[in-house]
Amino acid sequence: MRLPGERELLLRLRPADGGAVEDVAVLVRDATDGVVLAGVAGAAALVLAVRRRRCEALLLLAAALLPLLLNPLLKRAFARPRPELWAAADEASAYAFPSGHAVGTAALLGGLLLVARRPRFVVAVGLPLVLLVGVAQLVAGVHWPSDVLAGWVVAAAWVALVAVMARRLRSD
């Protein structure tokens, strides 16, 4: 099931000849796949651990990495096919809902916000990246807009749950 207007939106976002816009979308998608995001989260957690912020390192890993493991299960549960409005630039998994790239980038941003000493900087850098990744998924034609939106919602819900659990553990 799709939201009204999703097909039309994808067709409007589609570059007439693919070209440079689609190439950038594929580059953004490749640069933010699960392995890359896990590496970024791991590196940030390592920096926190070296700075003797071990609990925050674990908090970041829980917020940023567990959604990457949960997302394939959600995709199988919903089994929503990808858009087939045009040939995708490269192979992607069979199912689209929710967008793993949207989940991963939003969960990483949320995890970084949970541990950041300067959250405004994290938002200033991370939010445009999360939005860019979402648009890139649409331009590349591998997701419906609701797949991306659902990915952001899944990530936000997970990060909120991690934050509540961490707060409860700290108060005990």
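**Exercise 1. Determine which residues of helix 2 meet which residues of helix 6, and describe how the two helices cross.**

Step 1, the contact. In this predicted model, Val21, Glu22, Ala25, Val28 and Arg29 of helix 2 meet Leu132, Val133, Ala136, Gln137 and Val139 of helix 6, where contact means heavy atoms within 4.5 Å. Sorted by class, the contact of helix 2 with helix 6 has 7 nonpolar, 1 polar and 2 charged residues; Ala, Val, Leu, Ile, Met, Phe, Trp, Tyr, Cys and Pro count as nonpolar, Asp, Glu, Lys and Arg as charged, and the others, Gly among them, as polar.

Step 2, the geometry. The axes of helix 2 (residues 19-31) and helix 6 (residues 119-139) come within 8 Å and cross at roughly 125°, which makes helix 2 oblique to helix 6. Helices (H or I, at least four residues) and strands (E, at least two) are DSSP runs, numbered from the N terminus, and axes are lines fitted to C-alpha atoms, for helices over the stretch in contact, with angles that run from 0 to 180 degrees between N-to-C directions. Angles under 35 degrees count as roughly parallel, over 145 as roughly antiparallel, 65 to 115 as roughly perpendicular and the rest as oblique.

Step 3, the handedness. Helix 2 passes helix 6 in a left-handed crossing; a crossing is left-handed if the near helix is turned anticlockwise from the far one by less than a right angle, and right-handed if clockwise.

The conventions behind these steps are as follows. Residues are numbered from 1 along each chain as its sequence is written, and side-chain values use heavy atoms, with hydrogens and water left out. Because the model is predicted, local features need pLDDT of at least 70 and side-chain atom pairs count only at pLDDT 80 or more, whereas totals for chains, interfaces and linings use all residues.

**Exercise 2. Describe how helix 6 packs against helix 7.**

Step 1. Helix 6 and helix 7 (residues 145-171) pack at about 150°, with their axes 9 Å apart, and the two are therefore roughly antiparallel to each other. Helix 6 passes helix 7 in a right-handed crossing.

Step 2. Helix 6 contributes Val130, Leu131, Gly134, Gln137 and Leu138 to the contact, and helix 7 contributes Pro145, Val148 and Trp152. These residues divide into 6 nonpolar, 2 polar and no charged.

**Exercise 3. Describe the packing of helix 4 with helix 5, and its makeup by class.**

Step 1. The axes of helix 4 and helix 5 come within 8 Å and cross at roughly 165°, so these helices are roughly antiparallel to each other, and their crossing is right-handed.

Step 2. From helix 4 the contact includes Glu56, Leu59, Leu60, Ala63 and Lys75, and from helix 5 it includes Gly100, Val103, Gly104, Ala107 and Val115. The residues of the contact of helix 4 with helix 5 divide into 12 nonpolar, 4 polar and 2 charged.

**Exercise 4. Relate the recorded transmembrane regions to the model.**

Step 1. An unreviewed UniProt entry lists residues 34-50, 57-74, 94-114, 121-142 and 148-166 under "transmembrane region"; such annotations may be inferred rather than shown by experiment.

Step 2. The end C-alpha atoms of residues 94-114 lie 33 Å apart, and that span is 71% helix and 0% strand. For residues 121-142 the end C-alpha atoms lie 30 Å apart, and the span is 86% helix and 0% strand.

**Exercise 5. Is Thr32 buried or exposed, and which residues does Thr32 touch?**

Step 1. Thr32 lies in the loop between helix 2 and helix 3 and is buried, with a relative accessible area of 6%.

Step 2. Not counting residues up to four places away in sequence, Thr32 touches Leu37, His101, Thr105 and Val133. Thr32 and Gly104 are 72 residues apart in sequence and 8.0 Å apart in space, C-alpha to C-alpha.

Methods
Buried means under 20% relative accessible area, exposed over 50%, partly exposed in between (1.4 Å probe, protein chains only).
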